[in-house]
Amino acid sequence: APPRPPQPPPPPPEPLPASRPVTCRLVAERTELESAPLRRACKRYDAAFCGVDGAALSQQYVKGRPPPPRWTSLMDAGTPPVEDHNFVSLTYGEAEFVPLRKLLRAVGGVRDGATFVDLGSGCGRVVLGAALAFPAAKLVVGVELVPQLHDAALSAHALLLDFLSGPADGCFGLQSCDLNDAAAPAHGGCAGASTASGGSTGAGGNGSATGSTAGGSNSSSGGGVSTGRAEGADGLAGGGSSCSGNGVAGASPALGGGSGAVRAPPPGSIAPVRLLCGDFLQTVGEWSSADVLLATSLCFPPELVSELEQAATALRQGARVICMQPCFGSGAFRPCSVVAPLPPPEPPHKVVMEMSFGDASFYLFERLPG
């Protein structure tokens, strides 16, 4: 073949346009919220979790070489407990207020008078976010067994109630967190933000519920908090406490206020919250009345998912379960389409929520009769 003729050189690049100044404006994610009360609630939520590293609390717990996470089986008598010797179930992630609200709205929301439950509530981000986003809920419950995470959730709840009950321009010791006009940093170093329980105020969402307990739980109403710890296989021990109204009895004292008592928040600003420290398989009676049940179960051992499927049959007909398994319940639940399904080929019961480790897939199911 004859040689190819030489190619002409490429044309010179076009000159770049004259440089022009570019303005980049960063806005807080909360500006996506459609009402001023929701934006204020989000600001206080951010301030309550200011300077918090929930993942560090979980890592510190694991580094202390505790017994492996353990759940008491609900299967046939003689079935051994579920144990996670690799501590994979303690893999931690967090969800912020705005993505959480988007997720809950996508699955139909938390209706007025309904009960929302988070299994593996970590430092309480999902619990407190749901209580603020849906203040007309009857009750919001979180179950967690890692003591440091549970204590952090108590402290964050106490601090949040203090913010809600204070003056509009009050900051209660968190001088670097502006609760009104400026965006409160989600993980900044806030002055005066130490906990009353020996840990940092918490950040949760993919928090794990681990260990086992002999029971021990309490009741609450209004905007208060209840916590119970019982002697169990993991060595946890502690007394329970209960409260009514919007105060806190036996919980961590309010942070920043210095009085040790939490003032009542304005009516309608936050749903009642109950925080429990225990094995969620042994506290089914505390959450079987849930209308919406969330389990961030991506790292649950398969045996634990099976146990959760069995325990969730205690839910009433029509109750909704949000988990991270595309199949759940083996006949007791059916996939339920979300409000705005993703385009095919994604299944109609899938919804995606932004978490600290990236986008996470959740799936919605409904309890069938029987």
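A residue counts as exposed when its relative accessible area is over 50%, and as buried when that area is under 20%. These legends use both words in that sense and describe a predicted model.

**Figure 1. Arg-65, an exposed residue with a positive phi.** Arg-65 has a relative accessibility of 78%, so it counts as exposed. It sits in the loop between helix H2 (54–63) and strand E1 (70–71). Most residues other than glycine have a negative phi.

**Figure 2. The whole chain.** Seven helices and ten strands make up the secondary structure listed for this chain. The chain has 370 residues, and 53% of them are buried. Take the contacts in the chain with a separation of 6 or more: residues 24 or more positions apart account for 73% of them.

Figure 3. Eight of the ten residues of H3 are buried, so the helix is largely enclosed by the rest of the structure. The buried residues are Phe-97, Val-98, Pro-99, Leu-100, Arg-101, Leu-103, Leu-104 and Ala-106. Just after H3 comes Gly-108, with a positive phi of about 105 degrees.

**Figure 4. The crossing of H3 and H4.** Two packed helices are described by the angle between their axes and the distance between the axes. Here helix H3 (residues 97–106) meets helix H4 (residues 125–133) at an angle of about 70 degrees, and the axes are 10 Å apart. Angles of 65 to 115 degrees count as roughly perpendicular, so H3 is roughly perpendicular to H4. The crossing is right-handed. H3 brings Phe-97, Leu-100, Arg-101 and Leu-104 to the contact. H4 brings Arg-125, Val-126, Gly-129, Ala-130, Leu-132 and Ala-133. Sorted by class, the residues in the contact of H3 with H4 are seven nonpolar, one polar and two charged.

**Figure 5. The crossing of H1 and H4.** Helix H1 (residues 36–48) also packs with H4. The angle is about 155 degrees, with the axes 10 Å apart. An angle over 145 degrees counts as roughly antiparallel, and H1 and H4 are therefore roughly antiparallel to each other. This crossing is right-handed. Leu-38, Ala-41 and Tyr-45 make the contact from H1. Arg-125, Leu-128, Gly-129, Leu-132 and Ala-133 make it from H4. The contact of H1 with H4 divides into six nonpolar residues, one polar and one charged.

**Figure 6. Aromatic pairs: Phe-280 with Phe-300.** A pair of aromatic rings is described by the distance of the centres and the angle of the planes. The model has five aromatic pairs, counting rings whose centres lie within 6.5 Å. In one of them, Phe-280 and Phe-300 have ring centres 6.0 Å apart and planes at 20 degrees, so the pair is stacked. Phe-280 lies in the loop between strand E5 (273–277) and helix H6 (284–287). Phe-300 lies in the loop between strand E6 (292–295) and helix H7 (302–312). The pair therefore ties together parts that are 20 residues apart in sequence. Phe-280 and Phe-300 are both buried.

**Figure 7. Aromatic pairs: Phe-328 with Phe-365.** The rings of Phe-328 and Phe-365 form a tilted pair, 5.8 Å centre to centre, with 45 degrees between the planes. Phe-328 is in the loop between strand E7 (320–323) and strand E8 (333–335). Phe-365 is in strand E10 (residues 358–367). The pair links distant parts of the chain, 37 residues apart. Phe-328 has a relative accessible area of 6%, so it is buried. Phe-365, at 1% relative accessibility, counts as buried too.

**Figure 8. An aromatic cluster.** Tyr-45, Phe-49 and Phe-97 are linked into a cluster by ring pairs. Tyr-45 is also one of the H1 residues in contact with H4. Phe-97 is one of the H3 residues in contact with H4, and it is buried.

Figure 9. Ser-330 is not a glycine, yet its phi is positive, at about 40 degrees. It lies in the loop between E7 and E8. Its relative accessible area is 71%, so Ser-330 is exposed. Most peptide bonds are trans. The bond that joins Pro-344 and Pro-345 is cis, with omega about 10 degrees. Pro-345 lies in the loop between E8 and strand E9 (350–355).

Terms used. Residues are numbered from 1 along each chain as its sequence is written. This is a predicted model: local features need pLDDT of at least 70, side-chain atom pairs count only at pLDDT 80 or more; totals for chains, interfaces and linings use all residues. Side-chain values use heavy atoms; hydrogens and water are left out. Axes are lines fitted to C-alpha atoms, for helices over the stretch in contact, and angles run from 0 to 180 degrees between N-to-C directions. Helices (H or I, at least four residues) and strands (E, at least two) are DSSP runs, numbered from the N terminus. Angles under 35 degrees count as roughly parallel, over 145 as roughly antiparallel, 65 to 115 as roughly perpendicular and the rest as oblique. A crossing is left-handed if the near helix is turned anticlockwise from the far one by less than a right angle, and right-handed if clockwise. Contact means heavy atoms within 4.5 Å. Ala, Val, Leu, Ile, Met, Phe, Trp, Tyr, Cys and Pro count as nonpolar, Asp, Glu, Lys and Arg as charged, and the others, Gly among them, as polar. Rings of Phe, Tyr and Trp (its six-membered ring) pair if their centres lie within 6.5 Å; planes under 30 degrees apart count as stacked, over 60 as edge-to-face and the rest as tilted. Buried means under 20% relative accessible area, exposed over 50%, partly exposed in between (1.4 Å probe, protein chains only).
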